[in-house]
Amino acid sequence: MMQPSDIPSLPRGVRLHHDRVRGSWVLLAPERAVMLDATAHAILSRVDGHRSFGEITAELAEAYDAPPEAIAGDAAGFLGALRDRRFLELA
């Protein structure tokens, strides 16, 4: 489980990219790509290697007027899956 003090970051070679042809956001890695929905983009757009997971979820909870616990649970699941696929690192 992700801790509030963990600092997520995109590893070298992984980047957030707006695909103009499809009009959607994509997470790109060497020879791999993940299409993102609006929720995934909202989370990943805050992953900068400086903000902690707790800061990111607090910011999302405020922006979307949602319970912080619900945001943290959903974001932890999403980011954990990306970490398992090596699209994300934690410090």
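Strand 3 and strand 4 form a hairpin with two residues between them, and Glu31 in the turn has a positive phi of about 60 degrees. Strands here are DSSP runs of E of at least two residues and helices are runs of H or I of at least four, both numbered from the N terminus. The model is predicted, so local features need pLDDT of at least 70 and side-chain atom pairs count only at pLDDT 80 or more, while totals for chains, interfaces and linings use all residues. Residues are numbered from 1 along each chain as its sequence is written, and side-chain values use heavy atoms, with hydrogens and water left out.

Strand 3 (residues 24-29) and strand 4 (residues 32-35) run antiparallel and are joined by four bridges; two strands pair if DSSP finds at least two bridges between them. Ala29 has Arg32 of strand 4 as its bridge partner.

Stepping back, the protein holds three helices and five strands, in the order β-β-β-β-α-α-α-β along the sequence.

Turning to the helices, the axes of helix 2 (residues 53-64) and helix 3 (residues 68-84) come within 9 Å and cross at roughly 125 degrees; axes are lines fitted to C-alpha atoms over the stretch in contact, and angles run from 0 to 180 degrees between N-to-C directions. Phe53, Thr57, Leu60 and Ala61 of helix 2 make the contact with Pro68, Ile71, Ala72, Ala75, Ala76 and Leu79 of helix 3, contact meaning heavy atoms within 4.5 Å.

Along its principal axes, the C-alpha trace of the protein spans about 35 × 25 × 20 Å.
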